[in-house]
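Please read them alongside the sequence and the coordinates.

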Amino acid sequence: MCVWSFFLRHSVLHQRILTLSWKLPCLLQLTGVLDDCFCDVESIDVFNNFKIYPQIKKLTERDYFRYYRVNLKRPCPFWPDDGHCSIKDCHVEPCPEVRGHSLPHCHSFSSTSECEQAKELGAINSTLSNQSKEAFADWTRHDDAQDHFCELDDETSPDAEYVDLLLNPERYTGYKGPSAWRVWNSIYEENCFKPRSVYRPLNPLAPSRGEGFYDWLEGLCLEKRVFYRLISGLHSSINIHLCAEYLLDEGWGRAVWGPNIQEFRLRFDTAETKGEGTRRLKNLYFLYLIELRALYKVAPYFERAIVNLYTGNAEEDGETKELLLRIFNEIKTFPMHFDEKSMFAGNKIEAKTLKEEFRLHFKNISRIMDCVGCSKCRLWGKLQTQGLGTALKILFSEKEIQNLPEHSPSKGFQLTRHEIVALINAFARLSTSIHQLHNFRLMLKEKG
């Protein structure tokens, strides 16, 4: 579909968003073309909020995508564990055994004292029905994933278990302070590329020395700029989730969650962030385009009849795949995808070395997620990091995907169930962030 017909279909919605954005304070004067690509913010808003978000939300509520197998007990490999978040909402509810089902079903626990409840919610039950074990063992036998961009959890580990993502939503848990700071500082300072002449901390939360924070990016090659922008975009997305689902009231034994405009301003307002808020949000859109492109590229993998999103319920499995393919078809209509061919396109030896360095840096970041002190934050950090890693794996496997056999498994390119669930949920988190960003625009407009 040509660019012009796409905009004709959405011109009214597009104009509505443009009109709204110009009436807002400088905080959200987020318009125009993004750096390192040829797509504009307004087009992404229209496409995501009216086409993708409603469908991706439904998809992540299906059984195949709502259960994520994760090991939350792996020790931090970089520094001693400094304990978990002290409030109960940081802990993850595990899936107890339910016989007769191919996937576990999770239930809320009864309310006890805060300390007892924290201990109970933190105790992960890793048991599964025999039928479940057989189903996932079958998936494992067909896994032939390679070139991992993430430090994958050992799926055979007794500490790895299934978590119901719908019962453990990503939201503000109170996890902050030195522990959270150290995680993000390690990600930015030890894993992002920067010129040797730059001494200013890359962590956007660090105190500024006065020079332009993003000036140093101009001297980096595209690949290294992309790497930083991916991490910054992920950071921004997570911050939006925490602002949109903030703990507003914990009184009378029942927590109240909702949007916190003041917290949003602290993280993204131009005045509060010394002009960096808009850059952070643009990096969110950039990350969205990267993962959108990966979904576009991997569509042929899922369009094959041999790929079955197995849960044991044939009717539901068929409906789940049909919904996934509808989303892929929507993605194909978007006219301004990121062009990954411009990456690693120089000298072959240098490009290969840089690609490997790129992969190892990202893999190290996935290991840092085991240092997150809050269980629920760790869960979503690991999932979104693995989802992005899977997206990069897809973008760097174009030839393998093009040569996939129609009616038999391929040894050249495979995705595990674990990677598929992470890929879709990670993109759904980005889609949710852009949708929530629109909601914050509306709330800010009402406040004048």
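1. Confidence. The protein has an average pLDDT of 75, and 66% of the residues reach at least 70; pLDDT is the predictor's confidence in each residue, on a scale from 0 to 100. This is a predicted model, in which local features need pLDDT of at least 70 and side-chain atom pairs count only at pLDDT 80 or more, while totals for chains, interfaces and linings use all residues. Residues are numbered from 1 along each chain as its sequence is written, and side-chain values use heavy atoms, with hydrogens and water left out.

2. Helices (H or I, at least four residues) and strands (E, at least two) are DSSP runs, numbered from the N terminus. Over residues 141–147 the pLDDT is below 50, and the model gives this stretch 16 contacts beyond near neighbours in sequence. Residues 1–14 stay under 50 as well, with 21 contacts beyond four places in sequence. Contact here means heavy atoms within 4.5 Å. Where pLDDT is low, the predicted coordinates should not be read in detail.

3. Overall make-up. The secondary structure amounts to 14 helices and four strands. Of the 448 residues in the protein, 56% are buried; the classes are buried (under 20% relative accessible area), exposed (over 50%) and partly exposed (in between), with a 1.4 Å probe and protein chains only. Among contacts in the protein with a separation of 6 or more, 80% are between residues 24 or more positions apart.

4. Strands S1 and S2. Strand S1 (residues 67–71) and strand S2 (residues 160–164) pair in the antiparallel sense over five bridges; pairing requires that DSSP finds at least two bridges between the strands. Tyr-68 stands opposite Val-163, and Arg-69 stands opposite Tyr-162. In S1, five of five residues are buried, with Tyr-67, Arg-69 and Asn-71 on one side and Tyr-68 and Val-70 on the other. S2 likewise has five of its five residues buried. From S2, Ala-160, Tyr-162 and Asp-164 point one way and Glu-161 and Val-163 the other way.

5. The largest nonpolar core. Which residues touch the most other members of this core? They are Leu-230, Ile-231, Tyr-288, Val-298, Phe-302 and Leu-379, out of 100 residues. Helix H9 (residues 277–303) gives the most to the core, with 15 residues. A nonpolar core is a set of buried Ala, Val, Leu, Ile, Met, Phe, Trp, Tyr and Cys residues joined through side-chain atoms within 4.5 Å. Not counting residues up to four places away in sequence, Val-298 touches Phe-328, Ile-394, Ile-401, Phe-413 and Leu-415.

6. Aromatic pairs. The structure holds eleven aromatic pairs. Phe-264 and Phe-268 form a tilted one, at 5.1 Å centre to centre and 45° between the planes. These two are separated by about one helical turn because they lie four residues apart in helix H8 (residues 261–268). Phe-264 counts as buried at 0% relative accessibility, and Phe-268 does so at 1%. Tyr-301 and Phe-302 form an edge-to-face pair, at 5.1 Å and 80°, and both residues are buried. Rings of Phe, Tyr and Trp (its six-membered ring) pair if their centres lie within 6.5 Å; planes under 30 degrees apart count as stacked, over 60 as edge-to-face and the rest as tilted. Ring pairs also link Tyr-301, Phe-302, Phe-328 and Phe-413 into a cluster.

7. Glu-303. This residue lies in helix H9 and, at 36% relative accessibility, is partly exposed. Leaving aside neighbours within four places in sequence, Glu-303 is in contact with Leu-325 and Lys-332. Its side chain makes a polar contact of 2.6 Å with that of Lys-332. A polar contact is a pair of N or O atoms within 3.5 Å; within protein, one must be able to donate a hydrogen and the other to accept it, and residues adjacent in sequence count only if both atoms are side-chain atoms.

8. Lys-355. Helix H11 (residues 348–368) contains Lys-355, which is partly exposed with a relative accessible area of 32%. Lys-355 and Phe-396 are 41 residues apart in sequence, and their C-alpha atoms are 9.2 Å apart.
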